[in-house]
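Here are my notes on the model, as numbered points. Please read them with the structure open.

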Amino acid sequence: MRAGPVQTVVVPGPRRTVEDDEQVSGRTTGDLTAELADALHRARQGDEEGFVVLYRDLQPRLLRYATVLVGWDSAGDVTGEAWLQITRDLHTFTGDLDRFRGWAAKIVHNRAIDLCRVNARRPTVALDAGADRGYRDEPASDSDAATAVLDELSTRKALALIAGLPRDQAQAVLLRAVVGLDAQTAGEVLGKRAGAVRVAAHRGLKRLARQVRYDDEEGRWTLVSPRPTP
């Protein structure tokens, strides 16, 4: 095997630490979480501004998730229909911010599956209800390189990397590293145990880490696509 050409992907550089973010924005992660939790409370009471705050935070993540499930052309329709349902049923929702994100992701997931059934095709990353059988919980340590790329996905090529993972790993990586769900909530979306989701996300990130590297001179991440020698 011989490594093929390095393909440049326009994504952010290495992740900043929490301390870096505080210096730039003056807000801690806790501040942002508190702001979003307050927005959720206000949105449930019918406050439009609170709903907009939630939408701006979550929609980009849900759109990426839907893109890998149904493709670029249909992702906007899937998330649009999901937000209509979220708007309609939000007053009945009970739970904290993490639960809200999981609830929204589940709605997007179901809408995507429904669309694939209507079109008589499987989702790009299909749900396999029995895929977690036999898994044992394993220590999970996310790859810094892979997670840095996934933190702010902005290219089709980066999403295509995830879509190229085994189905269980792709969905776990998206829900954990992109949507930001904990393992328990992601498991509820997928109908799997939390341990199985942690293992799948860990394995997926390890596979992705072998395909990316950070170029200090260019200040960007690159994808390394090995090709067999003819």
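**Notes on the predicted model**

1. Overall order. Reading from the N terminus, the elements of the protein chain follow the order β-α-α-α-α-α-α-α-α-α-α-β-β. That is 10 helices and three strands. Helices (H or I, at least four residues) and strands (E, at least two) are DSSP runs, numbered from the N terminus.

2. Ground rules. This is a predicted model, in which local features need pLDDT of at least 70, side-chain atom pairs count only at pLDDT 80 or more, and totals for chains, interfaces and linings use all residues. Residues are numbered from 1 along each chain as its sequence is written, and side-chain values use heavy atoms, with hydrogens and water left out.

3. Confidence. pLDDT is the predictor's confidence in each residue, from 0 to 100. The protein chain averages 75, and 64% of the residues score at least 70. Helix H9 has the highest confidence, at 94, while strand S1 (residues 2-8) has the lowest, at a mean of 38.

4. Stretches to treat with care. Over residues 1-25 the pLDDT stays under 50, and the model has 55 contacts for them beyond four places in sequence. Contact here means heavy atoms within 4.5 Å. Residues 125-143 are also below 50 in pLDDT, with 35 contacts in the model beyond near neighbours in sequence. Where pLDDT is low, the predicted coordinates should not be read in detail.

5. Whole-chain totals. Of the 230 residues of the protein chain, 40% count as buried. Buried means under 20% relative accessible area, exposed over 50%, and partly exposed in between (1.4 Å probe, protein chains only). The accessible surface comes to about 12500 Å², and carbon and sulfur atoms hold 47% of it. These areas come from the Shrake-Rupley method with a 1.4 Å probe; for residues, only the protein chains shown count as cover. Among contacts with a separation of 6 or more, 73% join residues 24 or more positions apart.

6. The core. Which residues touch the most other members of the largest nonpolar core? They are Tyr65, Phe100 and Leu175, in a core of 48 residues. Helices H2 (29-44), H3 (48-70), H4 (72-89), H5 (97-118), H7 (156-163), H8 (167-178), H9 (183-190) and H10 (194-209) each give two or more residues to this core. A nonpolar core is a set of buried Ala, Val, Leu, Ile, Met, Phe, Trp, Tyr and Cys residues joined through side-chain atoms within 4.5 Å. In soluble globular proteins, nonpolar side chains tend to be buried together.

7. Tyr65. Setting aside neighbours within four places in sequence, Tyr65 contacts Ala105, Val108, His109, Gln171, Leu174, Leu175, Val179, Val189 and Leu190.

8. Helix H5. The buried residues of H5 include Phe100, Arg101, Ile107, His109 and Cys116. Their cover includes H2, H3, H4, H8 and H9. The 22 residues of H5 should span 32 Å at 1.5 Å a residue, and the end C-alpha atoms are 32 Å apart, so the two agree. The expected span is 1.5 Å times one less than the number of residues.

9. Ile107 lies in H5. Ile107 counts as buried because its relative accessible area is 5%. Beyond four places in sequence, Ile107 is in contact with Ala82, Gln85 and Ile86. In H4 itself, the buried residues include Ala82, Trp83 and Ile86. H3 and H5 are among the elements that cover the buried residues of H4.

10. Aromatics. The structure holds five aromatic pairs. Rings of Phe, Tyr and Trp (its six-membered ring) pair if their centres lie within 6.5 Å; planes under 30 degrees apart count as stacked, over 60 as edge-to-face and the rest as tilted. Phe51, Tyr55 and Trp83 make up one aromatic cluster.

11. Tyr55. Is Tyr55 buried or partly exposed? At 35% relative accessibility, Tyr55 counts as partly exposed. Tyr55 is placed in H3. Pro60 and Trp83 are its contacts once residues up to four places away are left out. Tyr55 and Trp83 are 28 residues apart in sequence, with their C-alpha atoms 8.5 Å apart.

12. Leu161 belongs to H7. Leu161 counts as buried, at 16% relative accessibility. In H10, the buried residues include Gly195, His202 and Leu208.
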